[in-house]
Amino acid sequence: MKNDISESPKIAKRDKNAHKGSFGSSLLVCGSFGMAGAAILSFRAALKSGVGKLIAAVEKNIYGICTVAVPEAIFIPLGICFKKPLLKQIKGADSILFGCGVGTQKRSLKKLNLIVKNANCPVVIDADGINLLAQSIDILKQAKTPIILTPHPLEMSRLCGKSVREINNDRLKTATDFAKEYGVYLVLKGSGTVVAAPDGKTYVNPTGNAGMATGGSGDVLSGIMAALLAYNTDIFTAVKTAVYVHGAAGDSAAERLSETSLTPSDIIEELPCVFKTLEG
């Protein structure tokens, strides 16, 4: 399939009779003590990307700061016995994001297993979720629903065993081969982010800039992606649109502020302008 990097995606205008249920429910399992910021960035990005209902499952030790920072979300505080409340939310979600700032302890690995084995909607795995997955890649074989992985080159190295240099020498082939082998959607981040589908379809993103190479930018992308997957039926379209939107918002922020001063929060602030441009 020919890859088209020039065509901008379109966001459908909302029906005047729509309600929050029309735009899906996203479950975001993110954050840990010391990493509340990663969770907050992903929550805010998802909300700015149009999700109907955001369910934020967070550890009790960051519950307070997260609820203040993101009052629009519905929070599920997770204690020692998290399986039952988390499983209930997994079953009712239209999309799930796991990994932003969760840490790599055994408790997080148990959450990842619970999600992959029980989800019946698209699941985005990012950041620490990918690092956990690299330790137990066979988890992917237990998935009964589409999985989207969003590694940067170093995380990709941990997943596939290649060096970062080898990966960057042929980013498209690396992403395509992995997506086909494991039956996942692979988003290989970096300049010209590559999206590869398990059926061989690919997309190379034309938006984005070096100012986005900063901690937290990936959390924003994952939040956007979780939102778009919640109310779009075509997974490949939702994933590549999220990548495009993320980069376009970064470009808009860099134009306004400079690449040097760009922060992930600036990307979120530019999302409304990007979506307004793409609505049609």
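These legends describe close-up views of a predicted model. Residues are numbered from 1 along each chain as its sequence is written, and side-chain values use heavy atoms, with hydrogens and water left out. In this predicted model, local features need pLDDT of at least 70 and side-chain atom pairs count only at pLDDT 80 or more, while totals for chains, interfaces and linings use all residues.

**Figure 1. The protein chain as a whole.** The protein chain has eleven helices and nine strands (DSSP runs numbered from the N terminus: helices are H or I of at least four residues, strands are E of at least two). Its radius of gyration is 17 Å, close to the 19 Å that the globule rule gives for 280 residues, so the chain is as compact as a globular protein of that length (the radius is taken over C-alpha atoms; the rule is 2.2 Å times the number of residues to the power 0.38). The C-alpha atoms fill a box of roughly 45 × 45 × 35 Å along the principal axes. Of the 280 residues, 55% count as buried (under 20% relative accessible area, with exposed over 50% and partly exposed in between; 1.4 Å probe, protein chains only).

**Figure 2. The largest nonpolar core.** This core has 57 residues, and F43, I148 and M225 have the most contacts inside it (a nonpolar core is a set of buried Ala, Val, Leu, Ile, Met, Phe, Trp, Tyr and Cys residues joined through side-chain atoms within 4.5 Å). Among the elements that each supply at least two of its residues are α1 (36-48), β2 (53-59), α9 (217-230) and α10 (235-257). Helix α10 gives the most, with eleven residues. Apart from this core lies another, of 40 residues, among them L27, L86, A179 and V184.

**Figure 3. Surroundings of M225.** Not counting residues up to four places away in sequence, M225 touches V124, I148, T150, V187, V239, A242 and V243 (contact means heavy atoms within 4.5 Å).

**Figure 4. S222 in helix α9.** S222 is found in helix α9. At 0% relative accessibility, S222 counts as buried. Leaving aside residues up to four places away in sequence, S222 touches L97, C100, V124, D126 and T150. V124 and T150 are also touched by M225.

**Figure 5. T174 in helix α8.** Helix α8 (residues 171-182) contains T174. This residue, T174, has 4% relative accessibility and therefore counts as buried. Beyond residues up to four places away in sequence, T174 touches M156, K162, E166 and I167.
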